[in-house]
Amino acid sequence: MPLRIGHGFDSHRLVEGRKLILGGVEIPFYKGLLGHSDADVLCHAITDAIIGGLGLGDIGRHFPDTDPAWKNADSMFLLGNVVNMAVEQGFEIGWIDCTLIAEKPKIAPHIEAMKARIASAGIPADRINIKAKTAEGMGPVGRGEGMEAYAVCLLL
Ligand code: MG
């Protein structure tokens, strides 16, 4: 089986009146990410990286936001589905590296909890690295209008 890599990117707008869910963990903040599902931007980037490595298009093809089944969906469930797709094709998740870009709140204290939650979707915690950065005040993310995440995945 040849090695595969996949890349994922996602962004969501921050609004009041929504829970902030990142890496499957609810983080106390006065705003949350807006989306059809729970809008877990980090999970979506990881999910898209795995789908990319499998050569199966993108997250929207598998979990369309026009489908009421995915309204307010737990993105960990979507991630678990995609991990299963990889296993069904004979791959294992060799490594995930991801970067979340968020101006506020502080993300670092929640990273271990995120890794533990992502492990419950079938990606061992010792095979994932999560980095958090700010946008140094620049652009829409820097102004706190939203968050972005990038991920790469190695499939073995
Ligand atoms: Mg998304």
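## Ground rules

The model is predicted, so local features need pLDDT of at least 70 and side-chain atom pairs count only at pLDDT 80 or more, while totals for chains, interfaces and linings use all residues. Residues are numbered from 1 along each chain as its sequence is written, and side-chain values use heavy atoms, with hydrogens and water left out.

Helices (H or I, at least four residues) and strands (E, at least two) are DSSP runs, numbered from the N terminus.

## The magnesium site

Let's start with the metal. Asp 10 (OD), His 12 (NE2) and His 44 (ND1) coordinate the magnesium ion at 2.1 to 2.2 Å. Donors here are N, O and S atoms within 2.8 Å of the metal (3.2 Å for Na, K and Ca), and sites may look incomplete because water is not among the atoms. Along the chain, the donors have the spacing D-x1-H-x31-H. Distant parts of the chain are linked in this way: Asp 10 belongs to strand 1 (residues 4–16) and His 44 to helix 1 (residues 41–54), 34 residues apart.

How accessible are two of these ligands? Asp 10 has 17% relative accessibility and therefore counts as buried; His 44 is also classed as buried, because its value is 8%. The classes are defined by relative accessible area: buried is under 20%, exposed over 50%, and partly exposed in between (1.4 Å probe, protein chains only).

## The sheet

Which order do the strands of the open sheet follow? The five strands are arranged as 4-1-7-5-6, with mixed pairing; two strands pair if DSSP finds at least two bridges between them. Strand 4 (31–33) and strand 6 (128–133) are the edge strands, each pairing on one side only. From one strand to the next, the twist averages 20°.

Strand 1 and strand 4 run antiparallel and are joined by three bridges, and Glu 16 stands opposite Lys 31 of strand 4. Strand 5 is antiparallel to strand 7, with eight bridges between them; there, Ile 101 has Glu 148 in strand 7 as its bridge partner. With strand 6, strand 5 pairs in the parallel sense over six bridges, and Thr 99 stands opposite Lys 131 of strand 6. Strand 5 is mostly covered, with seven of its nine residues buried.

## Helix 1

Helix 1 is mostly covered, as 13 of its 14 residues are buried.

## An aromatic cluster

How many aromatic pairs does a search of the whole structure find? There are four. Rings of Phe, Tyr and Trp (its six-membered ring) pair if their centres lie within 6.5 Å; planes under 30 degrees apart count as stacked, over 60 as edge-to-face and the rest as tilted. Phe 63 and Trp 70 make an edge-to-face pair, 5.0 Å centre to centre with 90° between the planes. Both Phe 63 and Trp 70 are buried, and together with Phe 77 they form one aromatic cluster.

## Loop residues worth a look

Most residues other than glycine have a negative phi, and most peptide bonds are trans. Asn 72, in the loop between helix 2 (59–62) and helix 3 (75–88), has a positive phi near 55°. Glu 136 also has a positive phi, near 55°, and sits in the loop between strand 6 and helix 5 (139–142); its relative accessible area is 65%, so Glu 136 is exposed. The peptide bond from Lys 104 to Pro 105 is cis, with omega near -5°, and Pro 105 lies in the loop between strand 5 and helix 4 (111–119).

Arg 18 lies in the loop between strand 1 and strand 2 (21–22) and is partly exposed because its relative accessibility is 22%. Leaving aside residues up to four places away in sequence, Arg 18 touches several residues, among them Lys 31, Asp 38 and Asn 72; contact means heavy atoms within 4.5 Å. The C-alpha atoms of Arg 18 and Asp 38 are separated by 8.8 Å, with the two residues 20 apart along the chain.

Key:
Axes are lines fitted to C-alpha atoms, for helices over the stretch in contact, and angles run from 0 to 180 degrees between N-to-C directions.
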